[in-house]
Amino acid sequence: MKNRDNSDLPLPEYKGERDMKAFWQVAILKKEPSKQKWFLPTLIILIIGSVPWYRVEGEMGNVLFGFPVWIWTSIICSLGVAILTAIGILRFWRDDDDVS
Amino acid sequence: MNDGTYELGIAPIIMLAIYLLVMIAIGWAGKVSSKENSLRDFYLGGSSFGIFVLFLTLFATQYSGNTMLGFAGRAYRQGGTYVVSIMFMVLTITVISIYGPRLFRLSRAFGYITPADYIYHRFGSHWLRVICVILLCWGLANYILEQLVAMGHAIEGLSGGRIDFMSGVVLLVIVMLIYETLGGMRSVAWTDAIQGILLFFGFSIILYIVLTVNGGLPAATELIASNQNQSEKLAVPGWEGIRAWFSTLLLLMFGASVYPHAIQRFFSARSLRTLRLSLAGLAFMPFITTMLAFVLGFIAISQFTDLSPFESDQVTLLMLLDIINGNDLIRWLVMVVFVALIAAIMSTTDSALLSIQSMVTKDIYAVYINPEASQQDLLRTGKIFGWVLIAFLVAMTWVSQQTESSIWLLIKLKLEFMVQISPVFLLGLFWQRLSGTSILCGVVVGTAITLVLWVGAALGYWDAGGRSPLGISAGVWGLAANYTICIVGGVFWPDGEFVRG
């Protein structure tokens with residue numbers, strides 16, 4: 001595939017053609033976030049950790065800076081997912097032709 | 001609590017008029033800058049957006065009037081458990097980071113204009129393309145409807161009732177149609193950039209209000225904890241609540257990540273680098289947007305009691321009106337928040353409308369109705385369709401005012417169906433064995449199950465807080481069936497192209 005990034009080449013317009021060999025040649029990337037072995041397990045752990053299923057039902061618990069701790073736990077897990085996502089995008093989303 | 005009477009004079013009307021004139025001027029600038037009369041130029045801005053415009057247009061599109069109004073209202077009704085909103089907004093970007101790399105590369109190589117270009121290219125099924133376009137347009141039309149309702153509330157609030165609900169909706173829609181028709185995606189993205197900046201200001205001011213007014217968050221939590229009727233909103237939920245929590249996460253992370261107007265912004269990026277930087281930044285935006293809406297709704301629990309679901313959707317406005325009679329600085333800040341709110345609503349509405357226009361024109365009209373149409377014909381058809389659709393939706397907005405409906409209900413109807421598209425991207429881009437027939441069966445069965453369960457919940461057949469069986473959303477049940485059919489189909493009846501190698 002020609003590198004179309006940072007070039008003045010006009011982009012084509014899809015007209016309904018179906019060359020599946022070309023499709024998969026383009027679609028499969030050497031490096032992408034989902035191919036990192038730690039990416040999905042870490043993501044799932046953070047998602048499960050954000051839900052307070054392991055706490056006692058009906059309890060408020062300690063309050064820290066205005067919120068109960070279980071709410072802060074969820075917020076921190078969300079921050080963890082944001083960091084994971086940003087790392088995945090910035091470090092592991094690479095194109096063969098990516099000049100950056 | 002404020003009784004709704006306050007005097008801002010004519011200043012907010014002047015501020016609104018200046019904002020709307022700037023939007024029209026930008027629309028004109030977009031038209032002047034257009035390079036050719038083509039679908040790519042009109043619907044994707046010629047795929048030329050750099051980091052500044054791309055980030056702000058993605059930001060302004062993702063965060064709508066619903067974030068400021070609907071999310072805060074939901075936090076008010078639900079309490080602490082609505083902290084889930086922060087996670088699902090982050091996860092939307094995470095899911096995009098999984099399928100986005102492949103879709104972006106394909107879009108550059110083959111020149112996709114709409115998500116359905118990819119769908120037909122990958123699966124070669126006319127039925128699948130049409131059904132996906134219908135589901136996406138259905139979702140987007142509901143999305144626009146929800147924004148129009150928010151427009152009416154916002155303009156009523158900003159003008160202190162001088163401009164009534166429906167006049168406000170019509171005024172904003174006319175301005176939006178003018179700039180969108182003039183320059184298409186280029187105008188929409190440039191206005192989004194201004195609207196995105198206003199949104200940043202708006203949320204910063206809300207942060208200031210949250211931290212300073214009436215003792216801020218700690219005082220609010222103390223008040224809620226001391227009130228027997230409200231203290232359960234601070235408590236850890238039971239198993240029913242936990243199931244609803246996971247259900248909401250699944251519905252939103254898979255549903256909101258396939259919004260076609262967001263996908264089309266990938267296609268508008270000038271380069272991979274600009275797209276990557278924009279998406280990485282967006283992953284952190286929920287902490288200055290969704291989280292603030294959550295905190296605002298949470299604090300409102302301590303200040304307003306017994307608001308109906310309809311009233312609670314306006315809790316942001318009630319909070320602002322409650323402090324508007326403070327000093328002059330606060331009054332001006334509140335006016336800026338109102339304009340930011342209108343900007344947020346307009347930026348999402350115009351993007352969704354443009355996306356519907358592009359799909360109806362490119363994927364339906366140009367393929368099945370008039371294959372010989374020139375680019376000019378297609379552009380004209382898209383614009384006329386957009387005007388007719390928005391006129392219909394404005395009429396629907398008027399109807400919705402006659403029957404009280406919560407904004408959240410409208411969002412649900414949109415996402416429950418739209419989420420059924422997710423395997424098309426999340427399986428279709430990774431699994432060569434998956435055939436068009438399998439995915440078509442999955443999407444149709446998933447949608448049918450969703451519809452049946454949704455109607456059942458609405459009629460009260462399942463006694464789980466208005467939700468489907470076990471308190472899990474109808475769309476999530478449909479999605480489970482959808483993925484199961486796709487996986488079984490892929491394993492036992494692989495794609496013919498894959499078998500031939």
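Q: Why is B:Thr361 called buried?
A: B:Thr361 has 29 other C-beta atoms within 10 Å. A residue is buried with 20 or more such atoms within 10 Å of its own C-beta, exposed with 12 or fewer, and partly exposed in between; C-beta atoms are placed from the backbone. The count of 29 meets the cut-off of 20 or more, so B:Thr361 is buried.

Q: What kind of model is this, and what limits apply?
A: This is a predicted model: local features need pLDDT of at least 70, side-chain atom pairs count only at pLDDT 80 or more, and totals for chains, interfaces and linings use all residues. Residues are numbered from 1 along each chain as its sequence is written, while chains are lettered from A and ligands numbered from 1 in the order in which they are written.

Q: Which element holds B:Thr361, and what does B:Thr361 touch?
A: B:Thr361 lies in helix α17 of chain B. Helices (H or I, at least four residues) and strands (E, at least two) are DSSP runs, numbered from the N terminus. Leaving aside neighbours within four places in sequence, B:Thr361 contacts B:Ala366, B:Leu378, B:Thr381, B:Gly382 and B:Phe385. Contact means C-beta atoms, placed from the backbone, within 7 Å.

Q: Why is B:Asp306 called exposed?
A: B:Asp306 has 7 other C-beta atoms within 10 Å, so it falls in the exposed class. Its place is in the loop between α14 and α15 (309-312) of chain B.

Q: Why is B:Leu470 called partly exposed?
A: The count for B:Leu470 is 14 other C-beta atoms within 10 Å.

Q: What makes a set of residues a nonpolar core?
A: Its members are buried Ala, Val, Leu, Ile, Met, Phe, Trp, Tyr and Cys residues joined through C-beta atoms within 7 Å. The largest such core has 191 residues, and B:Ile342 is among those with the most contacts inside it. Helix α17 (residues 328-369) of chain B gives the most to this core, with 19 residues.

Q: How many residues meet between the two chains?
A: 54 residues of chain B are in contact with 53 residues of chain A. The largest share of the chain B side, 15 residues, comes from α6(B).

Q: How confident is the predictor in chain A?
A: pLDDT is the predictor's confidence in each residue, from 0 to 100. Chain A averages 85, and 84% of the residues score at least 70. Over residues 1-8 of chain A the pLDDT is below 50.
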